[in-house]
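Colleague: Hi! Could you walk me through this one while I have it open?
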Amino acid sequence: MMKNRTPKVGRNAPCPCGSTLKYKKCCLNKAKLDPAKLKSVYAKKYQIRLKQPDDIEGIKTAGMIAVDLLYVLESEIKPGITTNDINTLAHEFIVKKGAVPAPLNYKGFPKSVCTSVNETICHGIPGKLQLQSGDIVNVDVTPILNGYYADANKTFLVGETGPKAQKIVRVAQKSLKTGMSMVKPGNTVGDIGWAIQRYAEGEGCSVVREFVGHGVGFDFHEPPQVPHFGTKGEGISLIPGMVFTIEPMINLGKKDLVILEDKWTAVTEDGSLSAQFEQTVLVTENGFESLTPYDL
């Protein structure tokens, strides 16, 4: 996930394709350039590298490692397990598959996955913490296989959980599904955030602003940034070949956060529960395909 610094393309702004028309009159609803020209335009204007068929297959293969790992962790996460146990299981699984865990040593991050428990929003560092019945824990995994990155996470219920834990996990899961439903050519990045925000706030929850989804595939974090809040019709227009994550962080209380002294762990300021789900998605000719497909 990335910090939010999102470029905007408003409906009345000049179209990014370089025509003299306004965006709403040109490429908003249907790209009018051939794929080769669009690839060049998006690379130059937004630093977005569109993925070709071979790239997509590479990301998808890495993505299946992520998905298989999440299913393994789901069967292993029970009261009594430590977050470091989760890290060890994940590290060994990824390495056995011939891949590399992207988080390990990324900008100094000391572990192979992020484990975010209860009020932790994201970037929790695995350690001695022992999970208890009633907790929730998000595990964020990013394998690199043959140079391709795929990014996914899920929030798991630990043991017997109460209604608050069940609600925030349900809303976060549905938030991801809602955001993914907006992915198709002609829609915008803003449409994704708008749909998530409308749904989550309608459930009485809040959406974290400071961390967002991001392009992925050739690197851990690429353009575009994908906020989980926003205005319908604004932001970069989606076109086939774009690959990015959608990973809404949803709080049961207020949206505000605090970064702890380790300079990684983000927690809710009010101590409320936070949950997150993430998949890596590809914009296709007719909609989207998840490259880390698990059931929502």
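Modeller: Happy to. Keep in mind that this is a predicted model.

Colleague: What about α5 itself, is it mostly covered or mostly exposed?
Modeller: Mostly covered: 10 of the 14 residues in α5 are buried. Those buried residues are V189, G190, D191, I192, G193, A195, I196, Q197, Y199 and A200.

Colleague: And what do the buried residues of α5 pack against?
Modeller: Their partners are α4 (163–180), β9 (206–207), β11 (222–226), β12 (243–246) and β13 (249–251).

Colleague: Nice. You mentioned β12, so which way does β12 pair with β17, parallel or antiparallel?
Modeller: Antiparallel, over four bridges. Within that pairing, F244 has V281 of β17 as its bridge partner.

Colleague: Is β17 enclosed or open?
Modeller: Five of the five residues of strand β17 (residues 279–283) are buried, so the strand is largely enclosed by the rest of the structure. Q279, V281 and V283 point one way, T280 and L282 point the other way, and all are buried.

Colleague: What does β17 do with β18?
Modeller: The two form a hairpin, with four residues between them. Strand β18 takes in residues 288–290, and its pairing with β17 is antiparallel over three bridges. V281 turns up here too, standing opposite S290 in β18.

Colleague: Switching topic: what's the strand order in the open sheet with three strands?
Modeller: The order is β3-β5-β8, with antiparallel pairing. β3 (114–117) and β8 (152–157) are the edge strands, each with a single partner, so one side of each has no neighbour in the sheet. From one strand to the next, the twist averages 20°.

Colleague: Which helix packs on that sheet?
Modeller: Helix α2 (residues 53–76), which touches β5 and β8. The direction of α2 makes about 10° with that of β8.

Colleague: And how many bridges join β5 and β8?
Modeller: Six, in the antiparallel sense, with β5 running over residues 136–141. One of the contacts to look for is V141, whose bridge partner in β8 is A152.

Colleague: Remind me, what holds strands together in a sheet?
Modeller: Strands pair through backbone hydrogen bonds, either parallel or antiparallel.

Conventions:
Residues are numbered from 1 along each chain as its sequence is written. This is a predicted model: local features need pLDDT of at least 70, side-chain atom pairs count only at pLDDT 80 or more; totals for chains, interfaces and linings use all residues. Side-chain values use heavy atoms; hydrogens and water are left out. Two strands pair if DSSP finds at least two bridges between them. Axes are lines fitted to C-alpha atoms, for helices over the stretch in contact, and angles run from 0 to 180 degrees between N-to-C directions. Contact means heavy atoms within 4.5 Å. Buried means under 20% relative accessible area, exposed over 50%, partly exposed in between (1.4 Å probe, protein chains only).
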